[in-house]
Amino acid sequence: MEVRLASISAQPYDYELPEVSQVALVVIDMQRDFLEPGGFGDALGNDVTRLQAIVPTLKRLLDGFRTLQLPIIHTLECHQPDLSDCPPSKIKRGRSRLTIGAEGPMGRILVKGEPGNGIIAELAPLPGEFVIHKPGKGAFYNTELATILQQHSITHLFITGVTTEVCVQTTMREANDRGYECLMVEDCTESYFPEFKQATLAMVRAQGGIVGWTATADQVLKGLEQWKPSTVLV
Ligand code: TIU
């Protein structure tokens, strides 16, 4: 079988997909709680509408991964209804009018299973895609993510979602320390603070890619179209 490696045009230099590698798309916390009025992000005093700009591009990237039948991992930041997995420090932080667990217009804030805690309809997971419920900002803390990546021999992660400098960056740093080759997709992540997004992208790729790479969705899709893994690892 012909083996063709992919090289994705990225910063600070091209992102290579070796012959024996498996990629996954990670979509962090595209939940109503962060993108719609009345959720956690709103309760913290943020303008949540500015996160919605990435939805069409992220949907296009998701569709690309689905067409290529590559693994997709969605995460949700959430807590058990009794908040037993939520440190009191997290509840107190923010000093918002609606704290975690309080009843809001979309149900209880950041509580698993509440209407406001679900992933937005446009990006809803399809059967066969992984869905990780995470109590922290990073997707590895107290979740099955590490096991899933190992079981499916995943080595390369394309990281997207919200917010760039909180859950997205924390997850990318956790993954980087575990040896995963991570690329943050520039136009598929957003922050309530545009300057924090730009700073995050810059610090990821500084120092020779100290945390990993960044590229646009188009650059990722163009690269993946050339990629034909020689070994089916999933
Ligand atoms: N507040 C904020 O920017 N983010 C979070 O609390 N969680 C995530 O980033 N998902």
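Reader: What distance separates an oxygen atom of the ligand from a polar backbone atom of C167?

Author: A polar contact pairs N or O atoms within 3.5 Å; within protein, one must be able to donate a hydrogen and the other to accept it, and residues adjacent in sequence count only if both atoms are side-chain atoms. Here the ligand oxygen and the polar backbone atom of C167 are 3.1 Å apart. This is a predicted model, in which local features need pLDDT of at least 70 and side-chain atom pairs pLDDT 80 or more, while totals for chains, interfaces and linings use all residues. Residues are numbered from 1 along each chain as its sequence is written, and side-chain values use heavy atoms, leaving out hydrogens and water.

Reader: How many residues of the shell around the ligand are nonpolar, polar and charged?

Author: Seven are nonpolar, one is polar and three are charged. The residues around the ligand (a heavy atom within 4 Å) include F34, F40, E77, K137, T163 and Y192.

Reader: Where is R205 found, and which side chain does its own side chain join in a polar contact?

Author: R205 belongs to helix 7, residues 194-209 (a DSSP run of H or I, at least four residues). Its side chain joins that of T214 at 2.7 Å. Not counting residues up to four places away in sequence, R205 touches Q11, P12, E186, G212 and T214 (heavy atoms within 4.5 Å).

Definitions and conventions: Nonpolar A, V, L, I, M, F, W, Y, C, P; charged D, E, K, R; others polar. Helix = DSSP H or I, 4+ residues; strand = E, 2+ residues; numbered from the N terminus.
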